[in-house]
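Please read it alongside the sequence and structure shown below.

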Amino acid sequence: MTKVALVTGGSRGIGRSICLALAQRGAKVAVNYSSSVEAAQAVAKSIESQGGEAIICQGDVSVPDRVEEMVKQVMEQWGRIDILVNNAGITRDRLLLRMKLEDWQQVIDLNLTGVFLCTSAVSKIMLKQKSGRIINITSVSGIMGNAGQANYSAAKAGVIGFTRSVARELASRGITVNGVAPGFIATDMTATLGEEIMKGVLQAIPLGRLGTVEEVAGLVEFLAFSEAANYITGQIFNIDGGMVMA
């Protein structure tokens, strides 16, 4: 049976790489995006050019009605959802004393409430199927904290607690729920870091380099498809070059 995957924030960066990796494993992929339809279409075309199936789903995952419409679109297209990857997220970095309530609320709404809304909607489908794999993209910032990211770190820490709680609730119905916590990954976001900041970052990483989006996608692919992951749930996997060791 061909699996169906829904990837939020799937039009660029880590999300794009996850979409491509899941498609290469044979999944039909719903690529969620918020604003850039061109980027989402490009991901879908890449999947289709390799013989896969993909659709694009516009929607802000922090808005309940948009989440319901997105899930409905996927169900009307393929009739099931086997894999949910909660990847959509934003940053609004500021030191606490300069952080506005708007900066806080936008990050919490998208990065944490969005995970709740999507998981709530899709888990109802997976419960009926008595199977499913949910992978939440969190961050090492949610584990160790990071100056200037009180909002982002709080949201990502919330995703970790959410992941473990939902894993306990859904395990008896054959649904696994795990988290992936990337460290510094080579993306458009890290490309804007200055030379001095990057030097300090690399010194904090035992492997001495940034991770790649393909490496993160490979871990997600393992959790989504591997039979070896059947007995893994409620876990948070750091993929950070050894930056955080607990």
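What percentage of the accessible surface of the protein chain belongs to carbon and sulfur atoms? The share is 52%, out of an accessible surface of about 11900 Å². The model is a predicted one.

**Overall form**

- Nine helices and seven strands form the secondary structure of the protein chain.
- The protein chain is as compact as a globular protein of 246 residues, because its radius of gyration of 17 Å is close to the 18 Å given by the globule rule for that length.
- Along the principal axes, the C-alpha atoms occupy a box of roughly 50 × 35 × 35 Å.
- Of the contacts in the protein chain with a separation of 6 or more, 73% are between residues 24 or more positions apart.

- Of the 246 residues in the protein chain, 50% are buried.

**Nonpolar cores**

- In soluble globular proteins, nonpolar side chains tend to be buried together.
- The largest nonpolar core comprises 35 residues, and I18, L22, V29, V85, I135 and V180 have the most contacts inside it.
- At least two residues of this core come from each of β1 (4–7), α1 (13–24), β2 (28–33), α2 (37–49), β4 (83–86), β5 (132–137) and α9 (213–225).
- With eight residues, α9 supplies the largest share of this core.
- Beyond its neighbours within four places in sequence, V180 contacts I135, N136, I137, T138, S139, V216, L219, V220, L223, F237 and I239.

**Residue S11**

- S11 lies in the loop between β1 and α1.
- S11 has a relative accessible area of 11%, under the 20% cut-off, and therefore counts as buried.
- Apart from residues up to four places away in sequence, S11 touches R16, V31, N32, Y33, S36, A39, A40 and V43.

**Residue R92**

- R92 is placed in the loop between β4 and α4 (101–129).
- R92 counts as partly exposed, because its relative accessibility is 33%.
- The C-alpha atoms of R92 and W104 are 7.6 Å apart, while the two residues are 12 residues apart in sequence.
- Setting aside residues up to four places away in sequence, R92 is in contact with M99, D103, Q106, V107 and N151.

Technical notes. Residues are numbered from 1 along each chain as its sequence is written. This is a predicted model: local features need pLDDT of at least 70, side-chain atom pairs count only at pLDDT 80 or more; totals for chains, interfaces and linings use all residues. Side-chain values use heavy atoms; hydrogens and water are left out. Helices (H or I, at least four residues) and strands (E, at least two) are DSSP runs, numbered from the N terminus. The radius of gyration is taken over C-alpha atoms; the globule rule is 2.2 Å times the number of residues to the power 0.38. Buried means under 20% relative accessible area, exposed over 50%, partly exposed in between (1.4 Å probe, protein chains only). Contact means heavy atoms within 4.5 Å. Accessible areas come from the Shrake-Rupley method with a 1.4 Å probe; for residues, only the protein chains shown count as cover. A nonpolar core is a set of buried Ala, Val, Leu, Ile, Met, Phe, Trp, Tyr and Cys residues joined through side-chain atoms within 4.5 Å.
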